[in-house]
Amino acid sequence: MKALMYYGKEDVRLEDVPEPELKPGTIKIHPAFTGICGSDVHLYYDGAVNGGGNSPDHPHPLTGETLPVVFGHEISGTVEAIADDVHTDMKVGDSVVVEAELACGECPACKAGNYNDCDKLAGIGINGGGGGLSEHIVVPAEHVFPVGDIPLDQAAMIEPFAVAHHAIRAMDPHEGQTAVVGGAGPVGLLIGTILRAKGIRVIMSELSSARKEKALQSHSADIVVDPSKEDLAERVRRETDEAGADLAFDAAGAEPVDHQLLEALKATGGLMVVALHGRPITLNLTKELGFGEKFIRGTMGYANDHADAIKLIHDRNIDLSTFITDRIKVEDIVDKGFRPLREDAENHVKIIVSM
């Protein structure tokens, strides 16, 4: 079969590789669309994040695979075959998505149900186990979720939607609260979309004119603030009868944003850091956290979120098509995928790829 193989920094190749075989406990899928994640762009241009992942010489501790691996983890597709020992209501031809995280099931985090914090965490389409940028993929049955009548192009966004869903669920928001979201990139927009679907007022902070427009056009925010032109904390206080926001989400990964979000929070409010930060930041812990008893949490991926995320999309009739800014073929992934997302990121949310 044809598959896009990731060899390392700035090296992906469309090659003929052996077609994966159906094994006990697995489901075979024909991928329809695969979204390009920001982590894919980092992998292509910079190599493995923080030095982790596979290499040509050292196999991943969980998958046992070395580079190259099949690329792509934001996967939608149709069921091609189901192993005889899999008990499921799914059938051949059903539309599905793949939960990309692979965990050991044995470490303390896994045993506590927090498999996204697994000591050996791996990603399908990143560290092995096949990938969405191929003609066929075989994955464990528990990683396959039916999406019903959600169009498969939109379904390719359920993986990042689950990331946003997990971050929000961890903050336990309540209807009627106010949240401030820093950054109107793909994850920030999805966070805003989910918050508003749950009845939470969203104030979004963003510098880019194109992204500000997208936040309003997609109804991901009630109010969009440009922090270079207006004091974010002052605007939030004005919109909340001087109380401040109940919760905040860093979807930008820039130090100034975290300071602004902490200042915009009410006393006892919390900041969830969703974005990946490339370097350490400096905080005045007493001033920014102690005074006001505020707190900061981090999040990584998702755990037990896909089913609830898919149900939310159905129940609230959420249209994810507004976030798809281009559809490309796999052979154009560098010139029409990675490059635009690196050089023209403010004009793109999600680029999806088909074989």
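Which backbone oxygen lies 3.3 Å from a polar atom of the side chain of K294? Select L265: the oxygen is on its backbone.

Before moving on, know that this is a predicted model, where local features need pLDDT of at least 70, side-chain atom pairs count only at pLDDT 80 or more, and totals for chains, interfaces and linings use all residues. Residues are numbered from 1 along each chain as its sequence is written, and side-chain values use heavy atoms, leaving out hydrogens and water.

Stay on K294, in the loop between α9 (285-290) and β16 (295-298); helices (H or I, at least four residues) and strands (E, at least two) are DSSP runs, numbered from the N terminus. K294 is buried but has no salt bridge, and E263, the nearest side chain of opposite charge, is 8.0 Å away. Buried means under 20% relative accessible area, exposed over 50%, and partly exposed in between (1.4 Å probe, protein chains only). A salt bridge puts a side-chain nitrogen of Lys or Arg within 4 Å of a carboxyl oxygen of Asp or Glu.

By that rule there are 17 salt bridges, so pick a few:

- E19 and K28 meet at 2.4 Å, N to O. E19 is partly exposed at 39%, while K28 is buried at 14%.
- D226 and K212 pair up at 3.0 Å, N to O. D226 sits in the loop between β13 (223-225) and α7, and K212 in helix α6 (residues 209-217), so the pair ties together parts 14 residues apart in sequence.
- D315 joins K311, with the closest N and O atoms 2.5 Å apart. These two are four residues apart in helix α10 (residues 306-315), about one helical turn.

Last stop: select R201, E230, R235, R238 and E239, linked in a network of salt bridges.

Methods. Lys, Arg positive; Asp, Glu negative; His and termini not counted. Polar contact = N/O pair within 3.5 Å; in protein donor to acceptor, adjacent residues only side chain to side chain.
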